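Subject: Structure for you to look at

Hello,

Here is the structure I promised to hand over. Please open it first, then read my notes below alongside it.

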Amino acid sequence: MNPSISQQERFARIQLNAFLYFRADWLTQLIEIFGSAENILRQNAETLAKEANISFTTAANLLKEAHGINPQEEWEKTEKIGGHIFVQEDEEYPQSLRNCKEAPIALYVLGKLPSEQTACVGMVGTRKITPYGRRVAAKLAEELAQSGVTVISGLARGVDSECHAACVRLKKPTVAVIGTGIGRCYPPENHALEKAILANGGAVVSELPFNRPPNAFHFPRRNRIIAALSQPVVVVEGEVKSGALITAKLALEMGKDVLAVPGPIDSPQSGGPNSLIRQGAGVVTSTADILDYIPQQLRFGLDPRFFEHTQEIPAKPEEQLSAREAEVMKAVADRQVSLDQVAEAIKAGVPEAAQLLFELEVKGFLACENGLYSKSKF
Amino acid sequence: MLATTCTGTIKGIEGFAVSAEVDIAPGMPTFAVVGLPDAEVRESKERVIAAVRNSGFDFPVKRITVNLSPAQVRKSGTQFDLPIALGILAASEQLSPAAIERLKDFLVLGELALDGSLRQCAGVLPILISCKNLGKTAVIPPQNVLEGQVSSAPFITPHTLRELTDFLEGKLSNEQVQISYLPQEEEEIAPATVDFSEVKGQALAKRALEIAAAGGHNVLMIGLPGTGKSMLAKRFTTILPPLTQEESLEITKIYSICNLLGKSKLFSQRPFRDPHHTISDVALIGGGSTPKPGEVSLAHHGVLFLDEFAEFSRSALEVLREPLENGIVTISRAKETVSYPARFTLVAAMNPCPCGNLGNPLKPCTCTPMQVNRYKSRISGPLLDRIDLTVNLNPVKYEDWNKASEGETSAQIRERVLAARERQRKRFGNSLTTNATMTNRELKEFCKLPDGADAILEAAMRKFGLSARSLDKILKTARTIADLENKDQITTQHLIEVMQYRPLDRKGVADF
């Protein structure tokens, strides 16, 4: 905490921060004009509108929203669940975010943010993940975490959850920038994942007031924080119009590198990354492709093995399988198949096919969704 | 003068005797029916007046009071027309004293047409069965002859009011007012028009239905449009065990109350009911101010097929919980409480998502994950808890569809089902309990976990997020699979197969 910032000023910043209909950099400018956030809150709507050259309605709304927040309560509730609220002057406020044009004037943080010397990679993607996306996201996130990189994502369904879950499985830190206030989890089924992120040295970050429920416009807004914290940003899967592409666009505007995982040209979820590649984004075919974009000064301490583009191919998973199980894997290939199709391909009855698929799923070779099986490993 | 005719009505699915007292007194010409008559009973006045006149009698222009006793019980149905008309004829002395004396030996039921002919009325079978001990001969409309036959009570079937009075007067013989029902031989053994072998592919779904038939489990089919959900459901009755005499009688009673019996339809096939998804909860479960059985009771001992399961109104689905649990529906109204049996197998079908394409490899789904979740959550947890088997159906490939060799026939599957049911009958000591309905005590006794099950269940809980609550259902289903294989013990193989039928238990989040 920066001692030169008084508690009153902090509280005033927290209040101003709640006005979400203003870009964060406009708020920063306002603070510059008036000298301090406290001073802004002392104004009435008319003078605020005049001095800041904004409309009266906006000024009135800003003051109304700001006075509607009880900063003392925000502060206490956040502390109670072990979090902190940082302002830009605090040394705990991430440098990379401070450098960004639209840095939030207050940041709610649960857990421990990665240090400035940590390499951070943003991984974003669709909520409607395909089995391909699932495999890729899990593999890349796992290897990045192993190499020592912190994965930044948004705790949404689909790609985000896959990436966070992969890091948590390896007990590595990961950062979730969420689209709700801290203290609230969205989607609700990720509650356990959020807890696990915190338990493994990761962080949950939000610019929104405490416990703020989700709202459609929160999500594209928080994407800029993901982009600001990361270098590079990897788009795993996403439709041509999607939040993932918004993040990519914001990252480009911030001068970050954007990488994309190529996918089948007829898969809507790969439309986004494929179009990014067409526009010149880096192509991700392995973890090394991502690590190449990590700034030189952050590479210290990363596992050099993962920088090798010709990694030794790991032992084929099929080799650990029985002959019958291998047949099943062959039948699944890189498609999504139903139990019926497997049973027919390996000439087995339903009970035998069920048994084989169960074993393979428990061992982690297959994943099942809506009754369709697909490979979950490379 | 006063005359009393014996008739009957129904409460729940049981009948009871009612005496229709008719009093004709001088005074202002009125015609009043008392004794808690329903709308249809009150309307019988008009039918009776016309029928009496059109049968060549005089309708007395006097003060007529009809009392249906016991007076505190609500009366419904059109069967009171005939007894009221006879009572009026007797009280106005248009029948001879001998005929009036003879009338006392009869239990009279029948709706009257305006020309005096008799029409089919509802609930004849339960009334005849309940009133058998009165030792009376029944008078029933010729259209209800099947029910008379089934009840094995003595009965006559006059065609018109006039025919009946002539018979009472001794002008017609017993034979002249009786038609007999001859079951048409070919219809008894008529082969089912549908067969399982017509369904191409879908081995998993077929297997699930076989298990459901064998153990009396409820099934939910989730599949893309056009994958054969309805086709499979329609064929489900063909693999169920045949009806016993007792079951057939119970079903016939219910259909009799609802006036849904065809002219010559004996229940040799289990009923199959597929109400539309806009059905109201009262139509589904039964009820109304004068309670009537609903679809769940019409599906008694048979199959209730609910297509587009998620489109049913929430309240309609929730009322299913009681009959699914107890096999009985109790309808309590301020005036009365009645129970209808409703021991059916639920076969439900739904799309995987609102647009119907989720999981279709050829067409992308256009729903958001939120929409899919909302769609699935229309089926509440407590309701899903009562469904043991859930299967995903996937599109049938052209090769399968065009395959020359046909799958197993219904008869082949039914043979295995019958053997499994026989094992259950021996185990539980009665034919009503199935694996799906066994009690906790029976579950403990008959469903022992096999060696090595711990590892499987632990893996399933960790990997799929199966809850401990679903464990009981898994065991019950595994028991049925073991029965189908004629095994005394559940094996790990059976448990693993059951996991395939619990896709909705899977957690929808990345595991870590």
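Two strands count as a pair if DSSP finds at least two bridges between them. Keep that in mind for the sheet described next. Please also note that this is a predicted model.

**A sheet in chain A**

How many bridges join β11(A) to β12(A)? There are four, and the two strands run antiparallel. Strand β12 of chain A covers residues 372-375. Within this pair, C368(A) stands opposite Y373(A) of β12(A).

The open sheet has three strands, in the order β10-β12-β11 of chain A, with antiparallel pairing. Its edges are β10 (337-338) and β11 (366-369) of chain A, each of which pairs on one side only. In general, the strands of a sheet pair through backbone hydrogen bonds, either parallel or antiparallel.

A helix belongs in this picture too. Helix α17 of chain A, residues 350-363, lies across β11 and β12 of chain A. It runs at about 110° to β11(A).

Now look at L357(A). Leaving out residues up to four places away in sequence, L357(A) touches V328(A), L339(A), V342(A), L366(A) and Y373(A).

**Two packed helices in chain A**

Two packed helices are described by the angle between their axes and the distance between the axes. Here is one case. Helix α8 (residues 131-147) and helix α9 (residues 159-169), both of chain A, pack at an angle of about 35°. Their axes are 8 Å apart. The crossing of α8(A) past α9(A) is right-handed.

Which residues meet there? From α8(A) come G133(A), R134(A), A137(A), A138(A), A141(A), E142(A) and A145(A). From α9(A) come V159(A), E162(A), C163(A), A166(A) and C167(A). This contact has eight nonpolar residues, one polar and three charged.

**Where the chains touch**

In the contact between the chains, 26 residues of chain B face 28 residues of chain A. On the chain B side, the elements giving two or more residues are α9, α21 (453-464) and α23 (492-499). The largest share, four residues, comes from α23(B). By type, the chain B side has 14 nonpolar residues, eight polar and four charged.

**Chain B as a whole**

Chain B has 23 helices and 18 strands. Its C-alpha trace spans about 90 × 45 × 45 Å along the principal axes. Of its 512 residues, 47% are buried. Take the contacts in chain B between residues at least 6 apart in sequence: 75% of these join residues at least 24 apart.

Find Q143(B), in the loop between β8 (137-139) and α6 (145-151) of chain B. Why does Q143(B) count as partly exposed? Q143(B) has 19 C-beta neighbours inside 10 Å, and a buried residue needs 20 or more. An exposed residue would have 12 or fewer, so Q143(B), with 19, counts as partly exposed. Q143(B) and R119(B) are 24 residues apart in sequence, yet their C-alpha atoms are 6.8 Å apart in space.

Best wishes

Conventions. Residues are numbered from 1 along each chain as its sequence is written. Chains are lettered from A and ligands numbered from 1 in the order in which they are written. This is a predicted model: local features need pLDDT of at least 70, side-chain atom pairs count only at pLDDT 80 or more; totals for chains, interfaces and linings use all residues. Axes are lines fitted to C-alpha atoms, for helices over the stretch in contact, and angles run from 0 to 180 degrees between N-to-C directions. A crossing is left-handed if the near helix is turned anticlockwise from the far one by less than a right angle, and right-handed if clockwise. Two residues are in contact if their C-beta atoms, placed from the backbone, lie within 7 Å. Ala, Val, Leu, Ile, Met, Phe, Trp, Tyr, Cys and Pro count as nonpolar, Asp, Glu, Lys and Arg as charged, and the others, Gly among them, as polar.
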